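Biologist: I am new to this entry and would like to go through it by question and answer. Please show the chains before we start.

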Amino acid sequence: MLASRNMRASGARVAAAPAQRAILAARSGRRASLAAKAQKKEIMMWEALREAIDEEMERDPTVCVMGEDVGHYGGSYKCTLGLYKKYGDMRVLDTPICENGFMGMGVGAAMTGLRPIVEGMNMGFLLLAFNQISNNCGMLHYTSGGQFKTPLVIRGPGGVGRQLGAEHSQRLESYFQSIPGVQLVAVSTVRNAKALLKAAIRSDNPIIFFEHVLLYNVKGEAGDKDEVACLERAEVVREGTDVSIFTYSRMRYVVMQAVNELVKQGYNPEVVDLISLKPFDMETISKSVKKTRKVIIVEECMKTGGIGASLSAVIHESLFNELDHEVVRLSSQDVPTAYAYELEAATIVQSSQVVDAVHKIVGATAPVRA
Amino acid sequence: MQAMLKQQRSGVRASQPARRAVQIRAVAAPMKAATSSKSPIIAPEVAKDLYYDMVLGREFEEMCAQMYYRGKMFGFVHLYSGQEAVSSGVIRQLRQDDYVVSTYRDHVHALSKGVSAREVMAELFGKKTGCCRGQGGSMHMFSSKANVLGGYAFIGEGIPVGLGAAFQSKYRRDVLGDEKADSVTCSFFGDGTCNVGQFYESLNMAALYKLPHIFVVENNLWAIGMSHLRATSRTAGDEDPHIYKKGEAFGMPGVLVDGMDVLKVHQVAKEAIERARRGEGPTLIEAETYRFRGHSLADPDELRSKEEKAKWLARDPIPQLKKYMLDHGLASEADIKALEDKVAEVVEDCVKFADESPKPERGQLLENVFADPRGFGIAEDGRYRYQLPGFSSGTAIVS
């Protein structure tokens with residue numbers, strides 16, 4: 001089911017917008033190129049991730065996938081749908097249920113020249129692989145004195161879904177944060193998901209790649225096979241002047257929902273998607289802080305020891321004199337995620353909280369503009 | 001602890017037909033003990049190589065004990081003395097492109113695989129000329145040249161890594177089409193590890209994917225102060241726990257071998273290695289052996305009885321092989337002395353080398369954290385942190 005290919009083929013024939021149709025009719029010679037430009041080929045995030053994996057596997061025969069149900073089942077979130085038919089059972093390896101075991105197998109394969117993408121069916125399951133991720137993935141390059149590298153991508157869905165219960169609603173970015181030797185990346189849009197996954201696969205470092213369980217069906221435009229993002233760069237989602245809102249993953253959408261409301265009220269927030277949870281892109285971050293002098297961090301992980309805790313400390317330490325207000329952190333409660341809808345909603349940050357935080361830090365009314 | 005399978009006839013089971021005990025043996029015909037005929041089962045060159053390697057292992061480890069007590073090496077140091085027959089018997093017949101994975105008791109595995117004594121001793125002294133630049137230490141011996149994939153402190157965590165190397169070998173053959181790709185991987189670990197979950201996860205995957213991986217259990221009966229008999233349950237009907245039987249449960253041959261007899265280990269390993277190279281999958285080898293010293297140099301070793309130690313000391317693999325070589329004309333006294341003298345020379349030299357080697361500089365601190373140093377991220381001024389002054393002197397702020 002090569003859905004993306006079919007879509008591309010048929011997509012070119014989807015009707016262009018009315019104004020463009022007129023242009024197309026008038027200039028038939030340039031019709032094809034204009035049609036292509038006018039087309040916004042939209043795919044879902046899972047398809048974009050699948051495209052990234054497919055393209056990289058085609059480009060480099062040492063790239064392979066390992067995980068539970070990645071092969072015949074196509075992946076729990078379809079990120080490897082049909083790939084086993086194209087690449088075979090060994091390159092898209094269905095593993096038994098033994099996370100620590102197959103993560104270690106991925107490490108050994110990476111040390112000896114392959115480039116495995118290890119999927120955690122849910123990032124939470126990777127708690128069982130913590131031994132291998134911390135000790136081996138993160139440390140081996142160092143303890144071997146640089147002799148072996150572990151170019152692994154460890155990816156999977158995390159975050160709070162819809163009433164999936166405490167164990168399936170975990171945010172492991174904060175747990176993995178301290179492991180020396182790994183990079184943490186969190187994707188949020190179709191475009192950055194594909195480009196970042198390609199970059200992660202090509203990287204010689206072990207990358208822990210956080211997808212979000214509720215973002216797989218988000219639609220958007222993906223880049224072509226040469227679009228490879230920078231793993232260490234944050235993304236400025238919206239430029240502004242009143243306050244810097246640093247966020248990542250699904251909270252980006254929660255923030256933008258709040259921003260739409262705030263803009264109507266006359267505020268002008270700047271929104272930065274961290275993308276690289278470790279290391280932080282201090283150039284983008286400091287530039288934003290110097291501009292607005294106020295910071296709100298909006299994250300889905302727990303307050304204690306979260307990504308926001310690290311970022312807040314770093315901002316206070318290195319940009320203290322650029323701040324007019326202490327950094328405000330909006331994080332999930334230090335509470336296991338309940339099953340009941342209302343309690344689950346109360347555990348994570350909602351857009352109204354973001355609006356309130358901006359009111360509090362910037363002022364109850366929007367600043368007067370010159 | 002010989003493999004005596006008892007058939008229990010309890011009240012309930014007396015009425016049932018007795019179960020026939022199935023004894024797992026090596027796949028090929030069991031090795032016959034050399035008789036009085038003058039045809040030994042091993043070539044003189046091989047025997048001498050095994051002898052040299054065992055003596056090197058022994059003398060090296062004894063030197064480590066001396067150096068530790070003299071304050072030249074620190075931390076946790078786990079010596080291999082007594083178990084040499086397993087390392088030499090298995091590893092000396094591996095190729096350079098075969099892989100070895102070990103636990104913290106890894107000095108001798110590294111030596112047998114071809115890592116120079118100089119590099120291992122320097123690593124133990126924490127010098128920058130060590131095989132891991134002084135960054136690994138006793139429990140983390142790695143060599144990309146000799147394909148030693150570590151050296152692991154948490155027992156059990158090395159076995160899946162070994163599986164990964166075996167997977168890579170099979171991948172090269174089946175996916176990348178390299179017909180010559182038939183390297184095998186041997187993972188070494190002890191009786192204590194055989195109760196760790198990753199051992200079972202690995203047995204399952206190795207058999208399932210038919211990986212060219214050999215599980216070598218060095219059963220020395222003790223995991224620090226925990227006797228194997230107190231830690232491990234028995235297969236129904238057995239009086240003692242038998243690790244090799246777990247192979248059959250996962251669909252691979254499980255072989256028991258006298259780990260104090262290097263020739264027997266050599267034979268059993270040869271069969272397993274050839275099986276793996278032919279693509280027939282993994283083998284589980286349980287070698288019964290013993291460590292003459294404590295678990296580590298910090299272990300007072302008070303729980304093992306004098307009688308037990310004496311019994312095993314009497315089965316020291318080195319004099320056993322020496323006697324065998326002399327009896328079967330594989331080496332003369334002079335040959336043997338020459339080998340021992342060479343070892344003494346090598347061991348003395350490696351200590352001198354390690355002693356005289358420089359310590360790591362501060363600049364080494366940040367170098368090997370990431371294979372791609374961009375992993376430290378982008379600093380405020382827009383440069384990557386590894387480009388900042390102070391990175392190569394190890395003083396840069398990187399987080």
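Biologist: Which residues of chain A does UniProt give to the feature "domain: Transketolase-like pyrimidine-binding"?
Modeller: The model is predicted, and the feature name is taken from an unreviewed UniProt entry. The span in question is 36% helix and 18% strand, and its end C-alpha atoms lie 8 Å apart. UniProt places the feature at residues 43-218 of chain A.

Biologist: How far apart are the end C-alpha atoms of residues 52-361 of chain B?
Modeller: These residues carry the UniProt annotation "domain: Dehydrogenase E1 component", also from a record marked as an unreviewed entry. In the model the span is 45% helix and 11% strand.

Biologist: What area is buried between chain A and chain B?
Modeller: The contact draws 56 residues from chain A and 53 residues from chain B. Carbon and sulfur atoms give 64% of the buried area. The total is about 4300 Å².

Biologist: Which three residues supply more than any other three of the area that chain A buries against chain B?
Modeller: Together the three give 17% of what chain A buries there. They are Met90(A), Met105(A) and Tyr142(A).

Biologist: Which element gives the most residues to the side of chain A that touches chain B?
Modeller: Between the chains there are 24 residue pairs in polar contact. The elements of chain A that give two or more residues to this side are β2 (63-67), β3 (92-94), α6 (99-111), α7 (130-143), α11 (282-292) and α12 (307-319). By type, the residues of this side divide into 23 nonpolar, 23 polar and ten charged. With ten residues, the element that gives the most is α6(A).

Biologist: At what angle do helix α11 and helix α12 of chain B pack?
Modeller: Helix α11 of chain B (residues 317-327) contributes Lys322(B), Met325(B) and Leu326(B), while α12(B) contributes Glu333(B), Ile336(B) and Glu340(B). These contact residues divide into three nonpolar, no polar and three charged. The axes of the two helices are 10 Å apart, and the angle is about 145°.

Methods:
Residues numbered from 1 in each chain as written. Chains lettered and ligands numbered in written order. Predicted model: local features only at pLDDT ≥ 70, side-chain atom pairs only at ≥ 80, totals over all residues. Heavy atoms only, no water. Contact = heavy atoms within 4.5 Å. Buried area = accessible area lost by both parts, 1.4 Å probe. Polar contact = N/O pair within 3.5 Å; in protein donor to acceptor, adjacent residues only side chain to side chain. Helix = DSSP H or I, 4+ residues; strand = E, 2+ residues; numbered from the N terminus. Nonpolar A, V, L, I, M, F, W, Y, C, P; charged D, E, K, R; others polar. Axes fitted to C-alpha atoms, helices over the stretch in contact; angles between N-to-C directions. UniProt positions renumbered as here; feature names shortened; annotations may be inferred.
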